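Here is a short briefing on one protein chain. Read it with the structure open.

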Amino acid sequence: TGTSQADCAVLIVAAGTGEFEAGISKNGQTREHALLAFTLGVKQLIVGVNKMDSTEPPYSESRFEEIKKEVSSYIKKIGYNPAAVAFVPISGWNGDNMLEVSAKMPWFKGWTVERKEGKTEGKCLIEALDAILPPARPTDKALRLPLQDVYKIGGIGTVPVGRVETGVLKPGMVVTFAPAGLTTEVKSVEMHHEALVEAVPGDNVGFNVKNVS
């Protein structure tokens with residue numbers, strides 16, 4: 001799926017009265033989406049505190065700080081480091097702090113992200129997106145592809161699916177499945193229903209194999 005292939009998640013939290021509380025409640029979507037992202041291996045996170053135009057009063061600094069504190073505490077429990085997460089107060093409807101700095105939130109001095117690679121800062125959501133670290137794509141290593149599932153498709157045959165972690169996967173390659181020790185040839189490789197010449201680390205693929213049931 002798209003989520004399992006993402007390098008970064010943008011968690012949008014609604015700042016409106018009652019909306020944030022619903023999202024952060026025990027079965028709320030804010031909690032669910034943050035947990036899903038981390039569980040699927042999305043290591044980087046940006047939090048957009050949206051609908052700042054509909055807080056009480058509008059563009060409220062105290063509301064933003066309250067949400068930031070609460071969400072930080074929750075994502076820390078999941079496994080994210082809040083210091084490495086940019087929190088940006090935005091209004092998608094009005095475009096505040098999306099691409100350009102908003103004059104309506106003069107109190108917001110910007111977001112900072114601290115990680116072992118160094119410190120980054122900015123004011124808008126677009127800058128937080130630009131500050132994402134691209135992960136290493138180790139194509140020079142041996143092929144490793146943890147299987148998520150295996151499909152049997154009529155007229156095609158056996159199609160294992162999973163994400164390439166290291167190395168490359170190409171049609172014509174001979175691969176071995178562990179722990180069974182089965183060795184077979186890869187007939188074709190597909191991603192999002194399109195044939196690939198080669199799949200590299202980060203690609204979520206399905207591949208057709210010969211004579212394996």
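F64, W107 and F108 are linked into a cluster by ring pairs. The model is a predicted one.

**Aromatic pairs**

- The count of aromatic pairs comes to 5.
- One of them joins F38 and Y80: the ring centres are 4.9 Å apart and the planes stand at 75°, so this pair is edge-to-face.
- Y80 has a relative accessible area of 4%, which is under the 20% cut-off, so Y80 is buried.
- A stacked pair is formed by F177 and F207, at 6.3 Å centre to centre and with 5° between the planes.
- This pair, too, links distant parts of the chain. F177 belongs to strand β8 (residues 174–177) and F207 to strand β11 (residues 204–209), 30 residues apart.
- F177 and F207 are both buried.

**A charge over a ring**

- F38 also has a lysine over its face: K43, at 5.4 Å from the ring centre.

**Domains**

- The protein chain is divided in two: domain 1 covers 3–131 and domain 2 covers 147–209.
- Taken over C-alpha atoms, the centres of domain 1 and domain 2 are 36 Å apart.

**The β4–β5 hairpin**

- Strand β4 (residues 111–115) and strand β5 (residues 118–122) run antiparallel. They are joined by 5 bridges.
- How many residues lie between β4 and β5 in the hairpin? There are 2 residues between them.
- W111 has G122 in β5 as its bridge partner.

**T158 in strand β7**

- T158 lies in strand β7 (residues 157–163).
- T158 has 7% relative accessibility; buried means under 20%, so T158 counts as buried.
- Which residues does T158 contact, leaving aside its neighbours within four places in sequence? They are V150, Y151, F207, N208, V209, V212 and S213.

Definitions and conventions. Residues are numbered from 1 along each chain as its sequence is written. This is a predicted model: local features need pLDDT of at least 70, side-chain atom pairs count only at pLDDT 80 or more; totals for chains, interfaces and linings use all residues. Side-chain values use heavy atoms; hydrogens and water are left out. Helices (H or I, at least four residues) and strands (E, at least two) are DSSP runs, numbered from the N terminus. Buried means under 20% relative accessible area, exposed over 50%, partly exposed in between (1.4 Å probe, protein chains only). Contact means heavy atoms within 4.5 Å. Domain bounds come from an automatic or database domain assignment. Two strands pair if DSSP finds at least two bridges between them. Rings of Phe, Tyr and Trp (its six-membered ring) pair if their centres lie within 6.5 Å; planes under 30 degrees apart count as stacked, over 60 as edge-to-face and the rest as tilted. A charge sits over a ring if NZ of Lys or CZ of Arg is within 6 Å of the ring centre and within 35 degrees of the ring normal.
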